[in-house]
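Hi,

Here is the structure I promised to pass on. Have a look first, and my notes on what turned up are below.

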Amino acid sequence: GNHTQPKFILLGITDTPWAQAPLFGLFLLIYIVTLVGNVGLMVLVWVAPSLHTPMYFFLAHLSLADVCYSTIISPRMLTDLLFGNKTISWAGCVTQFHLFALFATAECHLLAAMAYDRHVAICHPLLYVSVVSPRACWQLVAWSYLVASLSALIYTSCMFGGSFCGPRQVDHFFCDASPVLRLVCSDTRGSEAAIFALAAANGLGTSVVILLSYGRILHTVLGMRLAPSRARAFRTCASHLVSVSVFYGALFFMYLQPASRHGSRDKVASVFYTVVSPMLNPFIYSLRNKEVKAALGKCRRRMLNHCR
């Protein structure tokens, strides 16, 4: 049973000694950029009145989810690369996967909420204030975390409900579903089917909302007569679609394929949605955003005036 197998061994992202130091430096830099970018964006949305809109409300929660699940994965991976102590307790493995599943699932629903927000803003601008009200925003965020919490509980129960045996070596850099299920002695077909079905419900369900929203947006944008309006709408939507493509592409590769097809490429896909995507999101959403740049400029001038 689980009580006789108190520890797992994370084999890590690579077993090549000469590659561990460069990877440590690279992932440390990525993690620092992730924290600075996402926390900075959350603070900016909080202090800048011009960003107190539904779009930036959802963006702040997206940044929070990115910071949380990146912090669940990256520090542990960096410690393993630096010190080589790759053992993790059974409770630590359960906690790591549960929190990761919670915030990754919440991100799927937050991305869907952001797509719906852009759909209403572009396709039904006269109804925007009444449809995407502050109460509706809070309800969508609460729904995202509620569904994510229930899903994470089911994922975790399916993964760690059986008995573990063998060398207890997890061929990954964190406790993910497929490599952990390979260590279960009992029949895992029911658990794998439940995880696959729930991942499909969350992933495909939210992606359908996103595709339908952007399909309607594209139809509306192509019907606009003014070229500047079309260009502005395309810029806004393009940034969202880039973020969605990176995140969902890696997730679908990992969780919507048969267990027999999982292999060494899983680690590469996992790096994209656990490490790279959280770093890119603040830049994708704000790098070419005039509102964010204007708010950042005002905050900078305000800080300079206080320092004088």
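Before the numbers, one term: a pocket here is an open set of grid points with protein on both sides within 12 Å along at least five of seven lines. Also bear in mind that this is a predicted model.

With that in hand, the second largest pocket comes out at about 350 Å³. Helix 1 (17–47), helix 9 (265–286) and helix 10 (290–307) are the elements that each give two or more residues to its lining. Helix 1 provides the largest share, 8 residues. The lining has 15 residues in total, and Leu-41, Leu-44, Ser-286, Val-292 and Leu-296 sit nearest the centre of the pocket. By class, that lining is 11 nonpolar, 3 polar and 1 charged.

Since 16 of its 22 residues are buried, helix 9 is largely enclosed by the rest of the structure.

Helix 2 (residues 54–83) also has a kink, about 35 degrees at Thr-71, shortly before Pro-75. Its 30 residues reach 44 Å from first C-alpha to last, close to the 44 Å expected. Helix 2 is mostly covered, with 22 of the 30 residues buried.

In the model, 55–77 is 100% helix, with its end C-alpha atoms 33 Å apart. Residues 97–116 are 100% helix too, and there the ends lie 29 Å apart.

How many cavities of 30 Å³ or more does a search of the whole structure find? It finds 2. The largest cavity holds about 250 Å³, and 17 residues line it, with Thr-105, Tyr-155, Ala-199, Leu-251 and Tyr-255 closest to its centre. Helix 3 (90–123), helix 7 (189–222) and helix 8 (227–255) each supply at least two lining residues, and the largest share, 6 residues, is from helix 3. That lining splits into 14 nonpolar, 3 polar and no charged residues.

The second largest cavity is about 40 Å³. Gly-12, Ile-13, Met-77, Asp-80, Leu-81, Lys-86 and Phe-173 line it, and they divide into 4 nonpolar, 1 polar and 2 charged.

Cheers

Key:
Residues numbered from 1 in each chain as written. Predicted model: local features only at pLDDT ≥ 70, side-chain atom pairs only at ≥ 80, totals over all residues. Heavy atoms only, no water. Helix = DSSP H or I, 4+ residues; strand = E, 2+ residues; numbered from the N terminus. 1 Å grid on protein atoms, 1.4 Å probe; cavity = no way out; pocket = protein on both sides within 12 Å on 5 of 7 lines; lining within 4 Å. Points joined across faces, edges and corners; volume = space filled by probe spheres on them. Nonpolar A, V, L, I, M, F, W, Y, C, P; charged D, E, K, R; others polar. Expected span 1.5 Å × (residues − 1). Bend = angle between axes of the 7 residues up to and from the residue. Buried < 20%, exposed > 50% of the residue type's maximum accessible area, 1.4 Å probe, protein only.
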